[in-house]
Amino acid sequence: NPFFADGRSMRGQPEGTVAQGMLQDDPAFFTGTTDGDSLWVDVSPVEVTRELVDRGQERFGVFCAPCHGLSGNGNGPVHIRAAGLAEGTWTPPTDLATDVVAAQPAGQIYNTIKNGIRNMPAYGPQISPEDRWAIVSYVRAIQASRGSDIGDLPEDARKQLN
């Protein structure tokens, strides 16, 4: 635009401004840490509800299952294809129910979703903080389900299965 000397069509935001409602002043929610730096939160800062876990399952299916598989065991279609190519450069996805991942604080799993790790890309630009916490909740549900059996269900639920 010839109106401005630098040819822009509109002025940029003044440095240091934050759009209304976009101030990320809760480090636990936006970074998964207690201090905005390095101390992971142990549990999700959002209330875990059935709706949240269901949303996490849906988002997991979109973003995570291609590599980690629908059950989180690390055997998704991308992994199967890469392993089949046998090029020697592929790092297999982690089984999300291993003791190593289950022992990680919730904030660390959130951070992995946001920033990536090894071959896994950063999904922070694609997945909102709310959905990242939903996925963390679903991963915790996967982990809990792996170590359970029918005896863990209430009596009425067991009867429905039989």
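A contact here means heavy atoms within 4.5 Å. The model is predicted, so local features are taken at pLDDT of at least 70 and side-chain atom pairs at pLDDT 80 or more, while totals for chains, interfaces and linings use all residues. Residues are numbered from 1 along each chain as its sequence is written, and side-chain values use heavy atoms, with hydrogens and water left out.

**Stop 1**

Select Ile113. Leaving aside residues up to four places away in sequence, Ile113 touches Met120, Ala122, Tyr123, Gly124, Ile127, Arg132, Ile135 and Val136.

Now widen the selection to the largest nonpolar core, which has 24 residues. Such a core is a set of buried Ala, Val, Leu, Ile, Met, Phe, Trp, Tyr and Cys residues joined through side-chain atoms within 4.5 Å. Buried means under 20% relative accessible area, exposed means over 50%, and partly exposed lies in between (1.4 Å probe, protein chains only). Phe60, Ile113, Ile127, Trp133, Ile135 and Val136 have the most contacts inside the core. Helix H1 (27-31), H2, H6 and H7 each supply at least two of its residues, and H7 gives the most, with six. Helices (H or I, at least four residues) are DSSP runs numbered from the N terminus.

**Stop 2: Phe63 and Tyr123**

The whole structure holds four aromatic pairs. One of them joins Phe63 and Tyr123 edge-to-face, 5.8 Å centre to centre with 70 degrees between the planes. Rings of Phe, Tyr and Trp (its six-membered ring) pair if their centres lie within 6.5 Å; planes under 30 degrees apart count as stacked, over 60 as edge-to-face and the rest as tilted.

Phe63 is in helix H2 (residues 50-63) and Tyr123 in the loop between helix H6 (106-115) and helix H7 (129-146), so the pair ties together parts 60 residues apart in sequence. Phe63 counts as buried at 17% relative accessibility, and Tyr123 also counts as buried at 17%.

**Stop 3**

Side chains of opposite charge can pair when their charged atoms come close. A salt bridge is a side-chain nitrogen of Lys or Arg within 4 Å of a carboxyl oxygen of Asp or Glu; by this rule there are seven.

Start with Arg50 and Asp54, whose side chains meet at 3.1 Å, N to O. Being four residues apart in helix H2, they are separated by about one helical turn. Arg50 is exposed at 61% relative accessible area, while Asp54 is partly exposed at 33%.

Next select Arg55, Glu58, Arg59 and Asp131, which are linked in a network of salt bridges. Within it, Glu58 and Arg55 meet at 3.6 Å, N to O; both lie in helix H2, three residues apart, about one turn of the helix. Glu58 is partly exposed at 37% relative accessibility, and Arg55 is partly exposed at 37% as well.

Which residue forms a salt bridge with Arg55 at 2.8 Å? Asp131 does, that distance being between the closest N and O atoms. The pair links distant parts of the chain, with Asp131 in helix H7 and Arg55 in helix H2, 76 residues apart. Asp131 counts as buried, at 11% relative accessibility.

**Stop 4: a surface patch**

Finish with Ile150, Leu153 and Leu161, which form a nonpolar patch on the surface with about 270 Å² of accessible area together. Leu161 is found in helix H8 (residues 155-161) and counts as exposed at 58% relative accessibility. Patches are made of residues with over 30% relative accessible area and no salt bridge, nonpolar side chains (Val, Leu, Ile, Met, Phe, Trp, Tyr) being joined within 5 Å and like charges within 9 Å. Accessible areas come from the Shrake-Rupley method with a 1.4 Å probe; for residues, only the protein chains shown count as cover.
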